[in-house]
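Here's a quick walk through the model, meant to be read with the structure open beside you.

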Amino acid sequence: MKLYLKIWRQFDASSKGEMTDYEIDEVSEHMSFLEMLDLLNEILIQQGERVIEFDHDCREGICGQCGVMINGRAHGPLRNTTTCQLHMRSFKDGDTIYIEPFRAKAFPVLRDLKINRKAFDTIIASGGFIGASTGQAPEANSIPISYETAEEAFDAAACIGCGACVASCKNASAALFVGAKITHLTLLPQGKVEAPKRAINMVKQMDLQGFGNCSDTRACEIECPQGISVLSIAKMNLEYMKALAFRK
Amino acid sequence: MMESKIPEGPLSEKWNTYKAKAKLVNPANRKKLTIIVVGTGLAGASCAASLAEQGYNIKSFCFQDSPRRAHSVAAQGGVNAAKNYKNDGDSTFRMFYDTIKGGDFRSREANVYRLAECSAALIDHAVAQGVPFAREYAGYLNNRSFGGVQVSRTFYARGQTGQQLLLGAYQALERQAALGKVALCTRHEMLELVVIDGKAKGIIARNLETGKLERHVADAVVLASGGYGKVYYLSTLAMGCNSSAVWRAHKKGAFMAGVSWIQFHPTSLPQHGENQSKLTLMSESLRNDGRIWVPKRANDDRNANSIPEEERDYYLERRYPSFGNLAPRDISSRAAKERIDAGHGVGPMKNAIYLDFSDAIKAQGKDTIEAKYSNLFTMYEKITGINAYKEPMLISPSAHFTMGGLWVDYELMTTIPGLFALGEANFADHGANRLGANSLLQACVDGYFIAPYTIPNYLAGELNTTKFDIDHPAFEEAENAVRRQLDRFLHTNGTLSADYFHKKIGRLLYEKCGLSRSRKNLEEAIIEIRELKASFEKDLRITGDNTLNSELEKAGRIADYIELAELMCYDALQREESCGAHFREEYQTPDGEAVRNDEEFCYVSAWEWKGQNKEPELHKEPLVFEAVELAVRSYK
């Protein structure tokens, strides 16, 4: 099929970017979206032009490194699907596709479609862990955890840290990302000891990184490739309020 | 130079003996020592976090935008541990034996025993970190079975075990970063090892955001940079996986061992076209319930569901009745290739086999199968558009894991003092074939439980040696070498992209140094690789400049892959036997089983770099078996 692409090109964080037009032929429906971009880059190299920079790595939907806005939607039209898992059979001959980076104040553009998501790492560093150092662990089965609790914790732990939630939110809020980590760790008995400190520190760090507030539009849940529930945001709020109320 | 340093005493006491005698560094002195860790996968992140917890200063490097992206994240099926929670006869010795046998008796007894011995502690630690492993209804940890074993010792977190273990290690790493003990250098790529007075003392790294070359000095360097299966281009690996850190250390004097021992995963998705960049893995755990078959009649074009039962060949169950669909990976992959080559392949390109769940769905119900594998079935449908609850999956073998890597001694130190290699980057534990769910284990055990003892043992001797800084001529020289290479890539002005060369070397290796090898093919391959190298030097085209430039990054990785490919062929050519994943067509039984040659090849092949276009030099480390008897590895 033939496609008309409008792709965001921006040299670096301080330059002004713009949408640039490209046409591409011979796209097969079996190609992944990123393989289509590979093909375009191959053509640009033949023409001696600088390639379109985009982030990607595992290409199987788990590393969280890829992610662009496709026709205004994070990771494109399919639900629960990362950009790398989107295939061209979701498009048809003659389509025009708009491709832009995930946009947020806390995610500055590095070049073209590549962005800087260090803000997420910084939030995790502020409290997104159970502080068990190597060597301290008790026997694994000494902490029974019900099947349901383990599954619920897993649902939240499945977050891949791609940033689609932030890019989809009109406030560029990271509430789903932070809520998912708080939910994962706080549901588990091992994670309860640090729960109050974790909630306060992570919420504070989220604000410091320049993410907006949650106004409950729930766009994040719709676009999350792992289908993480907005209930984790409620859980974050609950843990945060509890921590504040009982703070000594 | 190659001393394995295996401690004295009975097998089960060796590690305890080592730990009891290892030198320690006083807590006050630890903060005077810096360790560079390249890679933030399970091995790198766990090592960096554990050493930082002890009080050392860590500089952690990864080429991805965050440590959490490292390719350990993609491991699906699980992690093995000899907990014997199922009371089904498991023990440290049993796990050790399965791993040694699975590796076709081409690994060190002492290393493998230690791996099994430390496995239980890993599960304890991961649970303490909050890894949400699968549970039974009573709240205790659940297990499943994996290829090549007859007990249930695999712990799992749905089909995302690697992700969950990695998040545990990543969070531990970030915790130390917040405490100021780890400096995180993300989007940095190691491009040279700096060796001073024969010891590893630092690296040259390129900041991938700016293109700037940086000098980093340390008291020890750890490479935990993963495997090089991506040399085959089409593989289950991430696009950025590369051999560069390992290869550049090799060219600085570190030996490479078992280089051509590459595992082809039996259950990946088949190739469908020329522009494909990746062969996605479907977890081996699917083989617990899926049955593998091809049509009995060659070139049978009928739809899978319309081929009656009696016309299906369940070839693994037929050839290996006691292990059936859970035969080890090398054997399953080779059996698939045999059927495909004989004309029984299925799918549009006739390059696949069926993995069929219809019997399991009938016996257990769709809900049960969905609960076990829903994410894999969903992923399969996303990629292929096919619903595997209704028709069998199409799968085929794909390049996956490198058993080979940097040669290391019992302490995980390479032939360069002060340079350690952990996880898939080393050659140590898997012999000629790795068992499923042992790679996460090895990466974690290396990083959490071994390196935190062996690296301090080395550092204790470094406290009172001369300290170097980044103005030392060795740094100057290393940086200049890197800069010259980058300039050359940017100014070659040829016509062919880096990917062109990558695809070319990948195809060549699949054909001539892949699932099966022969003297004739390997000799041809070496000549062709040299031709490709000459072409790469004059025909490469890199657009853009020396700032942020993904094409320039690729060029360096592919230059290294081309050289590595040549060594892989030498390694495969020299080893005139079939063992594990290394199948030499000349050495097989009449019914196509591998023939190992313990008389002549019961050793580790470690290769020394001798310079461009020179033949590498072979060093042999004899493998001595005291606890097990060398046996023909049969799964029949």
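Predicted model: local features only at pLDDT ≥ 70, side-chain atom pairs only at ≥ 80, totals over all residues.

B:N84 isn't a glycine, yet its phi is positive, at about 55°. For background, most residues other than glycine have a negative phi. B:N84 counts as partly exposed because it has 18 C-beta neighbours inside 10 Å.

B:N493 also has a positive phi of about 55° without being a glycine. You'll find B:N493 in the loop between α13 and α14 (498-512) of chain B. Is B:N493 buried or exposed? With 11 C-beta neighbours inside 10 Å, B:N493 counts as exposed.

Now for some helix packing. In chain B, α13 (residues 473-491) packs against α16 (residues 550-574), and in chain A, α5 crosses α8 (residues 231-245). Here are the two pairs side by side:

| Helix pair | Angle | Axis distance |
|---|---|---|
| α13(B) and α16(B) | about 115° | 10 Å apart |
| α5(A) and α8(A) | roughly 70° | within 7 Å |

Taking the chain B pair, the angle of about 115° makes α13(B) roughly perpendicular to α16(B). The crossing of α13(B) past α16(B) is right-handed. On the α13(B) side the contact uses B:Q485, B:L486, B:F489 and B:L490, while α16(B) brings B:L552, B:A555 and B:G556. Sorted by class, that contact has 5 nonpolar and 2 polar residues, with no charged ones.

Over in chain A, the crossing at roughly 70° makes α5(A) roughly perpendicular to α8(A). From α5(A), the residues that meet α8(A) include A:A175, A:L176, A:V178 and A:G179. Among their partners in α8(A) are A:S232, A:I233, A:K235 and A:M236. This contact splits into 7 nonpolar, 4 polar and 2 charged residues.

Zooming out, chain A has 8 helices and 7 strands. Its C-alpha atoms fill a box of roughly 65 × 35 × 35 Å along the principal axes. Chain A has 248 residues, and 56% of them count as buried. If you take contacts in chain A between residues at least 6 apart in sequence, 71% join residues at least 24 apart.

A:I115 belongs to strand β7 (residues 114-115) of chain A. Leaving out residues up to four places away in sequence, A:I115 touches A:P101, A:F102, A:F107, A:P108, A:V109 and A:L110. A:F102 is 13 residues away from A:I115 in sequence, and their C-alpha atoms are 7.3 Å apart.

How do the two chains meet? Chain A puts 66 residues into the contact and chain B puts in 63. On the chain A side, the elements giving two or more residues are α1 (33-46), β6 (109-111), α2 (118-127), α3 (147-157) and α5 (175-187). Which of them gives the largest share? That's α1(A), with 6 residues. By class, the chain A side divides into 29 nonpolar, 22 polar and 15 charged residues.

Finally, a note from the record: an unreviewed UniProt entry lists residues 35-440 of chain B as "domain: FAD-dependent oxidoreductase 2 FAD-binding". Over that stretch, chain B is 30% helix and 19% strand, and the end C-alpha atoms lie 23 Å apart.

Notes
Residues numbered from 1 in each chain as written. Chains lettered and ligands numbered in written order. Axes fitted to C-alpha atoms, helices over the stretch in contact; angles between N-to-C directions. Helix = DSSP H or I, 4+ residues; strand = E, 2+ residues; numbered from the N terminus. Parallel < 35°, antiparallel > 145°, perpendicular 65-115°, else oblique. Left-handed = near helix turned anticlockwise from the far one by under 90°. Contact = placed C-beta atoms within 7 Å. Nonpolar A, V, L, I, M, F, W, Y, C, P; charged D, E, K, R; others polar. UniProt positions renumbered as here; feature names shortened; annotations may be inferred. Buried ≥ 20, exposed ≤ 12 C-beta atoms within 10 Å, placed from the backbone.
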